[in-house]
Amino acid sequence: MNIGDITQLAGADRRSKRRGRGRGSGLGKTSGRGHKGGGQRSGWKARGLQEGGQMPTFRRLPKRGFSNFQFATRYQVINVSDLEDRFPEGTHVTTEALKVAGLVRSRREPVKVLGDGALSKKLIVDAAKFSASAREKITAAGGEVREC
């Protein structure tokens, strides 16, 4: 055991604030909540949009334009090098196989294959999209590209 082990453990657990235990504690009487109002009372939460009668920021700012954020297609990205590492020669690589291999999080979200790395194995790859370099590397290795 080293001194570093002890000092790391010493700061690991912070003591809880003992509220309402007398003035000498620094958190006595009002227990750090101040006097009167909602903040002093139980069950009150500060809600971010309320500004106490002032016109809220969201209403002050103009709303213009269009955001494609909620409609954009987000792809799960894998590289050709990932296929080389995880799959044996002649495998049919599907979204299901990628999920089992731990390369993608979800079977529902589309997969895009990018061309980073090298591929020497013949694979049949099913994905929603392929970059030009990934398509080239897979076909050059004797494999097949299928967009689904």
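This tour moves through salt bridges and one surface patch in a predicted model.

Residue numbers start at 1 along each chain as its sequence is written, and side-chain values use heavy atoms, with hydrogens and water left out. Because the model is predicted, local features need pLDDT of at least 70 and side-chain atom pairs count only at pLDDT 80 or more, while totals for chains, interfaces and linings use all residues.

**Stop 1: Glu96 and Arg107**

Select Glu96 and Arg107. They form a salt bridge, with the closest N and O atoms 2.7 Å apart. A salt bridge here is a side-chain nitrogen of Lys or Arg within 4 Å of a carboxyl oxygen of Asp or Glu. The pair links distant parts of the chain, eleven residues apart. Glu96 sits in helix H4 (residues 95–101), and Arg107 lies in the loop between H4 and strand E3 (111–114). Helices (H or I, at least four residues) and strands (E, at least two) are DSSP runs, numbered from the N terminus.

Now check exposure. Buried means under 20% relative accessible area, exposed means over 50%, and partly exposed is in between (1.4 Å probe, protein chains only). Glu96 is partly exposed at 39%. Arg107 is partly exposed at 47%.

**Stop 2: Glu109 and Arg105**

Select Glu109, in the loop between H4 and E3. Which residue does Glu109 form a salt bridge with? The partner is Arg105, and the closest N and O atoms are 3.9 Å apart. Glu109 has a relative accessible area of 35%, so it counts as partly exposed. Arg105 has 65%, so it counts as exposed.

**Stop 3: Arg146 and Glu144**

Select Arg146 and Glu144. This salt bridge has its closest N and O atoms 3.0 Å apart. Arg146 is partly exposed at 34%. Glu144 is partly exposed too, at 36%. The salt-bridge count for the model comes to five.

**Stop 4: the nonpolar patch**

Select Met1, Ile3 and Ile6. They make a nonpolar surface patch of about 410 Å². Patches are made of residues with over 30% relative accessible area and no salt bridge; like charges are joined within 9 Å, and nonpolar side chains (Val, Leu, Ile, Met, Phe, Trp, Tyr) within 5 Å. Accessible areas come from the Shrake-Rupley method with a 1.4 Å probe; for residues, only the protein chains shown count as cover.

Finish on Met1. It is in the segment before helix H1 (3–10). At 85% relative accessible area, Met1 is exposed.
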